[in-house]
Amino acid sequence: MTRTLKLIAPIAVLSALAVPGFAQNAAIDVNGDGMYSYPELQAVMPEMTEDDFTILDTSGDGLLDADEIAVATEAGLLPA
Ligand SMILES: [Ca+2]
């Protein structure tokens, strides 16, 4: 099983359970816009690839918003 496939399964399950308004981690959100960019995430998670980020960015806008962060955090893919 590839890393990508391991990421998809928990996200598919948790997307239905996402709770808006999940607190963001200021250590990751360095510009304070409430969303995580790929460079912000890679700074604290060097192992994260662009493919991983694309999977987490379900809206495809290039940023992780509160809902996407909540899903990824609940899945254990991002630090709380
Ligand atoms: Ca940000």
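A polar contact here is a pair of N or O atoms within 3.5 Å; within protein, one must be able to donate a hydrogen and the other to accept it, and residues adjacent in sequence count only if both atoms are side-chain atoms.

Some ground rules before we go on. This is a predicted model, in which local features need pLDDT of at least 70 and side-chain atom pairs count only at pLDDT 80 or more, while totals for chains, interfaces and linings use all residues. Residues are numbered from 1 along each chain as its sequence is written, and side-chain values use heavy atoms, with hydrogens and water left out.

**Overall layout**

The chain has four helices and two strands, arranged along the sequence as α-β-α-α-β-α. Helices (H or I, at least four residues) and strands (E, at least two) are DSSP runs, numbered from the N terminus. Of the 80 residues, 34% count as buried, where buried means under 20% relative accessible area, exposed over 50%, and partly exposed in between (1.4 Å probe, protein chains only). A contact means heavy atoms within 4.5 Å; among contacts with a separation of 6 or more, 53% join residues 24 or more positions apart.

Glu40 lies in helix α2 (residues 38-44), and its C-alpha atom is 6.4 Å from that of Asp29, eleven residues away along the chain. Leaving out residues up to four places away in sequence, Glu40 touches Ile28, Asp29, Val30, Asn31 and Met35. Here is how accessible some of these residues are:

| Residue | Relative accessible area | Class |
|---|---|---|
| Glu40 | 7% | buried |
| Asp29 | 7% | buried |
| Met35 | 24% | partly exposed |
| Ile28 | 1% | buried |

Ile28 sits in the loop between α1 (3-14) and β1 (36-37). Beyond four places in sequence, Ile28 touches Tyr36, Glu40, Leu41, Val44 and Pro79.

**The nonpolar core**

A nonpolar core is a set of buried Ala, Val, Leu, Ile, Met, Phe, Trp, Tyr and Cys residues joined through side-chain atoms within 4.5 Å. The largest one has 13 residues, of which Tyr36, Leu41, Met48, Phe53, Leu56, Leu64 and Leu78 touch the most other members. Helices α2, α3 (50-56) and α4 each supply at least two residues of this core.

**Helix α4 and the record**

In α4 (residues 66-74), Glu68, Ile69, Ala70, Val71, Ala72 and Thr73 are buried. At its start, a side-chain oxygen of Asp65 comes within 3.1 Å of the backbone nitrogen of Asp67, and just after α4, Gly76 has a positive phi of about 80 degrees.

An unreviewed UniProt entry lists residues 27-45 and 51-69 under "domain: EF-hand". Residues 27-45 are 37% helix and 11% strand, with end C-alpha atoms 11 Å apart. Residues 51-69 are 53% helix and 11% strand, and their end C-alpha atoms lie 16 Å apart.

Key:
UniProt positions renumbered as here; feature names shortened; annotations may be inferred.
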